[in-house]
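Please consult the sequence and the structure shown here while reading.

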Amino acid sequence: PLFRSVSGEFCGIVSVTTSACCGRSPRGVSPSAHLGDGSIDVTLVKKCSRLQFLSLLLRTRGNGNQLDLPFVEAHRVLEFKVKPIEEKDDVEKDGKKHLGKDRKSG
(Lines give C-alpha, C1' and ligand atoms only; values in the text may rest on other atoms or scores of the structure.)
Protein backbone atom coordinates (compact mmCIF):
# COMPACT_ATOMS: atom_id res chain seq x y z
CA PRO A 1 0.00 0.00 0.00
CA LEU A 2 1.03 3.57 -0.66
CA PHE A 3 1.27 5.79 2.42
CA ARG A 4 1.37 9.54 2.25
CA SER A 5 2.60 11.71 5.09
CA VAL A 6 0.97 15.04 5.88
CA SER A 7 2.65 17.35 8.38
CA GLY A 8 1.58 20.61 9.92
CA GLU A 9 -0.32 22.25 12.70
CA PHE A 10 -3.99 21.32 12.72
CA CYS A 11 -6.85 22.57 14.88
CA GLY A 12 -9.11 19.74 13.76
CA ILE A 13 -8.99 16.24 12.30
CA VAL A 14 -12.30 14.65 11.32
CA SER A 15 -12.72 11.11 10.02
CA VAL A 16 -16.04 9.72 8.77
CA THR A 17 -17.27 6.66 6.91
CA THR A 18 -20.67 8.19 6.11
CA SER A 19 -21.68 11.71 5.12
CA ALA A 20 -22.93 12.34 8.69
CA CYS A 21 -25.82 14.44 7.37
CA CYS A 22 -28.61 15.55 9.67
CA GLY A 23 -31.26 18.27 9.90
CA ARG A 24 -28.70 20.92 10.86
CA SER A 25 -26.15 19.76 8.29
CA PRO A 26 -28.10 18.55 5.24
CA ARG A 27 -25.00 17.75 3.14
CA GLY A 28 -23.06 16.37 6.10
CA VAL A 29 -19.45 16.68 7.13
CA SER A 30 -18.26 14.82 4.03
CA PRO A 31 -20.99 14.83 1.36
CA SER A 32 -19.58 12.04 -0.83
CA ALA A 33 -18.64 9.59 1.96
CA HIS A 34 -20.36 6.20 1.73
CA LEU A 35 -20.29 3.31 4.19
CA GLY A 36 -20.26 0.71 1.41
CA ASP A 37 -17.04 1.75 -0.37
CA GLY A 38 -14.62 0.66 2.38
CA SER A 39 -12.90 4.02 2.64
CA ILE A 40 -12.60 6.75 5.26
CA ASP A 41 -12.90 10.45 4.48
CA VAL A 42 -10.35 12.38 6.53
CA THR A 43 -10.69 16.15 6.76
CA LEU A 44 -7.73 18.12 8.10
CA VAL A 45 -8.36 21.63 9.38
CA LYS A 46 -5.07 23.51 9.37
CA LYS A 47 -4.29 26.03 12.09
CA CYS A 48 -6.59 28.99 11.48
CA SER A 49 -8.26 31.87 13.26
CA ARG A 50 -11.44 31.45 15.28
CA LEU A 51 -13.33 33.42 12.65
CA GLN A 52 -12.08 31.07 9.91
CA PHE A 53 -13.06 28.04 12.00
CA LEU A 54 -16.51 29.55 12.52
CA SER A 55 -16.85 29.98 8.74
CA LEU A 56 -16.10 26.25 8.38
CA LEU A 57 -18.83 25.37 10.88
CA LEU A 58 -21.33 27.65 9.13
CA ARG A 59 -20.53 26.08 5.76
CA THR A 60 -21.09 22.63 7.27
CA ARG A 61 -24.66 23.76 8.00
CA GLY A 62 -25.25 24.05 4.26
CA ASN A 63 -24.07 27.59 3.49
CA GLY A 64 -21.46 26.57 0.91
CA ASN A 65 -18.83 23.89 0.39
CA GLN A 66 -16.79 23.49 3.57
CA LEU A 67 -14.13 21.52 1.69
CA ASP A 68 -13.39 24.54 -0.53
CA LEU A 69 -11.74 26.61 2.20
CA PRO A 70 -7.97 27.21 1.83
CA PHE A 71 -7.21 25.87 5.33
CA VAL A 72 -9.16 22.59 4.83
CA GLU A 73 -7.74 19.44 3.21
CA ALA A 74 -9.86 16.38 2.37
CA HIS A 75 -8.45 12.91 1.76
CA ARG A 76 -10.14 9.58 0.98
CA VAL A 77 -8.11 6.77 2.53
CA LEU A 78 -8.31 3.10 3.48
CA GLU A 79 -6.51 3.69 6.77
CA PHE A 80 -4.68 6.46 8.58
CA LYS A 81 -2.83 7.21 11.77
CA VAL A 82 -2.21 10.42 13.64
CA LYS A 83 1.15 10.87 15.26
CA PRO A 84 2.00 14.00 17.26
CA ILE A 85 5.43 15.39 16.48
CA GLU A 86 5.95 16.34 20.10
CA GLU A 87 3.87 16.11 23.20
CA LYS A 88 3.57 19.18 25.37
CA ASP A 89 3.17 18.52 29.07
CA ASP A 90 3.02 22.19 29.98
CA VAL A 91 0.30 24.47 28.67
CA GLU A 92 1.08 28.17 28.74
CA LYS A 93 -1.85 30.54 29.09
CA ASP A 94 -1.78 34.18 30.11
CA GLY A 95 1.96 33.93 30.76
CA LYS A 96 1.49 31.16 33.35
CA LYS A 97 2.47 27.53 32.90
CA HIS A 98 0.08 24.77 33.89
CA LEU A 99 0.94 21.09 34.00
CA GLY A 100 -1.11 18.70 31.92
CA LYS A 101 -4.41 19.95 30.57
CA ASP A 102 -5.18 23.63 30.35
CA ARG A 103 -6.72 24.66 33.66
CA LYS A 104 -8.47 27.89 34.41
CA SER A 105 -6.86 29.71 37.27
CA GLY A 106 -9.20 31.05 39.79
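In strand β2, the residue bridged to Val16 is Asp41. Helices (H or I, at least four residues) and strands (E, at least two) are DSSP runs, numbered from the N terminus. The model is a predicted one, in which local features need pLDDT of at least 70 and side-chain atom pairs count only at pLDDT 80 or more, while totals for chains, interfaces and linings use all residues. Residues are numbered from 1 along each chain as its sequence is written, and side-chain values use heavy atoms, with hydrogens and water left out.

**Overall architecture**

The protein contains 1 helix and 5 strands, and along the sequence these follow the pattern β-β-α-β-β-β. Of its 106 residues, 22% are buried; buried means under 20% relative accessible area, exposed over 50%, and partly exposed in between (1.4 Å probe, protein chains only). The accessible surface comes to about 8,400 Å², and carbon and sulfur atoms account for 53% of that surface. Such areas come from the Shrake-Rupley method with a 1.4 Å probe, and for residues only the protein chains shown count as cover. Among contacts with a separation of 6 or more, 59% are between residues 24 or more positions apart, where contact means heavy atoms within 4.5 Å.

**Strand β2 and its partners**

Strand β1 (residues 10–16) runs antiparallel to β2 and is joined to it by 6 bridges. Strand β3 (residues 72–77) is also antiparallel to β2, with 6 bridges between them. Two strands are taken to pair if DSSP finds at least two bridges between them. On the β3 side, Val45 has Val72 as its bridge partner.

Thr43 belongs to strand β2 and is buried, with a relative accessible area of 7%. Which residues does Thr43 contact, leaving aside its neighbours within four places in sequence? They are Gly12, Ile13, Val14, Leu67, Val72, Glu73 and Ala74.

**Salt bridges**

A salt bridge is a side-chain nitrogen of Lys or Arg within 4 Å of a carboxyl oxygen of Asp or Glu.

| Pair | N to O distance |
|---|---|
| Glu9 and Lys47 | 3.5 Å |
| Arg76 and Asp41 | 2.7 Å |
| Lys46 and Glu73 | 3.4 Å |

The side chains of Glu9 and Lys47 form one of these salt bridges. Glu9 lies in the segment before β1 and Lys47 in the loop between β2 and α1 (50–60), so this pair ties together parts that are 38 residues apart in sequence. Glu9 and Lys47 are both exposed.

Arg76 and Asp41 are joined by another salt bridge. This pair links strand β3, which holds Arg76, to strand β2, which holds Asp41, across 35 residues.

Lys46 is in strand β2 and Glu73 in strand β3, and the two are 27 residues apart. Lys46 is partly exposed, with 31% relative accessibility.

**Cysteines**

How many disulfides does a search of the whole structure find? The search finds 0 disulfides, a disulfide being a pair of cysteine sulfur atoms within 2.5 Å. For Cys11, the nearest cysteine sulfur is that of Cys48, 3.8 Å away, which is too far for a bond. Cys11 is partly exposed, at 41% relative accessibility.

**A surface patch and a buried glycine**

Leu51, Leu54, Leu57 and Leu58 make a nonpolar surface patch of about 390 Å². Patches are made of residues with over 30% relative accessible area and no salt bridge; like charges are joined within 9 Å, and nonpolar side chains (Val, Leu, Ile, Met, Phe, Trp, Tyr) within 5 Å. Within this group, Leu54 lies in helix α1 and is partly exposed, with a relative accessible area of 43%.

Gly28 is located in the loop between β1 and β2 and is buried, with a relative accessible area of 0%. Not counting residues up to four places away in sequence, Gly28 touches Ser19, Ala20, Cys21, Thr60 and Gln66. Between Gly28 and Thr18, which are 10 residues apart in sequence, the C-alpha to C-alpha distance is 8.5 Å.
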